[in-house]
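Welcome, and thanks for taking a look at this one with me. Please open the sequence and the model side by side before reading on.

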Amino acid sequence: MPEQADRRRTDTRQRVRAIALELFTEQGYELTSLAQVAKQAGVTRQAVLHHFANKEELLTSSYEELLPALDAVIESARAHPPSAATRMRAVERFDALVRGEHGPSLVCAQLNEHALRGLTAARTLQQRLNDLTRALACGEGPEGAMRGRLALAAVIMAAARGRELGGRQSERHKAALAVARSLIGSEEGADGA
């Protein structure tokens, strides 16, 4: 019986977090209340507060689950010699995160970047994305870093902007990888081609 109660608690926690990320993404972090999250999740506000003390803790818990997976992508990129192939493998692994269970956290972070700027968890996530950007940079200077950051943004955009971009999700992700490859996938691209 205790296992069943633990599973229900975990299920509620995960459902509340998933709905919160959806609402943060659709209407913005600042405009979303815990009462709205509770209503959408079909639980009371007290039930939400049982799992999360506030909105920041709710968001932080999502980012804490994402960070180890993101760290693995960064470490893998750093562990191999810098090359177009290494950069593209890192982007493909990042794309798998975006298409998987961590996608809502990454999309929420991208779409709410300004609103979340003051939150410790958001700054930590932003630092990790900066680390990945440096691992993806082809060449020195701002252009190389910009190419890396734009490659990541293209992958997130494929998930976040479906209505505007059109097509099926698989088509958008294929297009995002093609854009990323054009930005960081060749050594010539790093030299200003």
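Here are some numbered notes, going from the whole chain to single residues.

1. A word on origin: this is a predicted model. Please keep that in mind through the points below.

2. Start with the secondary structure. The protein chain holds 12 helices and 0 strands. Read from the N terminus, the order is α-α-α-α-α-α-α-α-α-α-α-α.

3. Next, the overall dimensions. The C-alpha trace spans about 60 × 35 × 30 Å along its principal axes.

4. How much of the chain is buried? Of the 193 residues, 41% are buried. The protein chain exposes about 10500 Å², and carbon and sulfur atoms supply 52% of that area.

5. The contacts are worth a look too. Taking contacts between residues at least 6 apart in sequence, 67% join residues at least 24 apart.

6. On charges, the protein chain has 26 positive and 24 negative ones. Their mean positions lie 4 Å apart.

7. Now please find helix α8, residues 120-136. This helix has 17 residues, and from first C-alpha to last it reaches 24 Å, close to the 24 Å expected at 1.5 Å a residue. Its buried residues are A121, A122, L125, L129, D131, L132, T133 and L136.

8. In α8, L125, L129 and L132 are among the buried residues.

9. Which helices cover the buried residues of α8? The cover includes α4 (55-79), α5 (84-99), α6 (103-111), α7 (113-116), α9 (141-160) and α11 (169-184).

10. One of those covering helices, α4, also contains S62. This serine counts as buried because its relative accessibility is 3%, against a cut-off of under 20%. Leaving aside residues up to four places away in sequence, S62 touches R17, L21 and S105.

11. Finally, is E22 buried, exposed or partly exposed? E22 sits in helix α1, residues 2-27. With a relative accessible area of 41%, E22 is partly exposed, since that class lies between the 20% and 50% cut-offs. Its C-alpha is separated by 19 Å from that of L165, 143 residues away along the chain.

Terms used. Residues are numbered from 1 along each chain as its sequence is written. This is a predicted model: local features need pLDDT of at least 70, side-chain atom pairs count only at pLDDT 80 or more; totals for chains, interfaces and linings use all residues. Side-chain values use heavy atoms; hydrogens and water are left out. Helices (H or I, at least four residues) and strands (E, at least two) are DSSP runs, numbered from the N terminus. Buried means under 20% relative accessible area, exposed over 50%, partly exposed in between (1.4 Å probe, protein chains only). Contact means heavy atoms within 4.5 Å. Accessible areas come from the Shrake-Rupley method with a 1.4 Å probe; for residues, only the protein chains shown count as cover. Lys and Arg count as positive and Asp and Glu as negative; His and the chain ends are not counted. The place of a charge is taken as NZ of Lys, CZ of Arg, CG of Asp or CD of Glu. The expected span of a helix is 1.5 Å times one less than its number of residues.
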